[in-house]
Amino acid sequence: MIDQGFCFNAGEWNFPDAPLRGLYARDRVYEGVRGHESFGPWIERLEKRITERVLNDLIGEIPPEWYDDDLDALQRLVEQLYRRRTKVPELLLAAKNTTRHPFPNWT
């Protein structure tokens, strides 16, 4: 659900909470979404398997030149992502309720 061209706010190393940010522009790809349960397995993995340790281990795999050797900024991003993972259901519902209606078959 992340547009890789704008991953982490196009290189700003943050991740603003905006309901439609990161959704694909063509809503057709979301026609199979029937409700919150359509995201269930993904949300469960996100909330239960993405631990602080997992994220911290991943930091070591990122080349320093990708984050301009600013480890503090990267660590702040990781902390934000860790906290944010529990907000995903709320953000999905907010996206559903926008005037764009990205999930046409969500009842």
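The surface of this protein exposes about 7,600 Å², and carbon and sulfur atoms supply 51% of that area. Accessible areas here come from the Shrake-Rupley method with a 1.4 Å probe, and for residues only the protein chains shown count as cover. Before we go on: this is a predicted model, where local features need pLDDT of at least 70 and side-chain atom pairs count only at pLDDT 80 or more, while totals for chains, interfaces and linings use all residues. Residues are numbered from 1 along each chain as its sequence is written, and side-chain values use heavy atoms, with hydrogens and water left out.

Now the fold. We have 5 helices and 0 strands, in the order α-α-α-α-α. Both are DSSP runs numbered from the N terminus: helices are H or I with at least four residues, strands E with at least two. The C-alpha trace spans about 45 × 25 × 20 Å along its principal axes.

So how much of the protein is buried? Of its 107 residues, 25% count as buried; that means under 20% relative accessible area, with exposed over 50% and partly exposed in between (1.4 Å probe, protein chains only).

Why does aspartate 68 count as exposed? Because its relative accessibility is 68%.

And contacts, meaning heavy atoms within 4.5 Å? Among those with a separation of 6 or more, residues 24 or more positions apart account for 68%.

Methods: Contact = heavy atoms within 4.5 Å.
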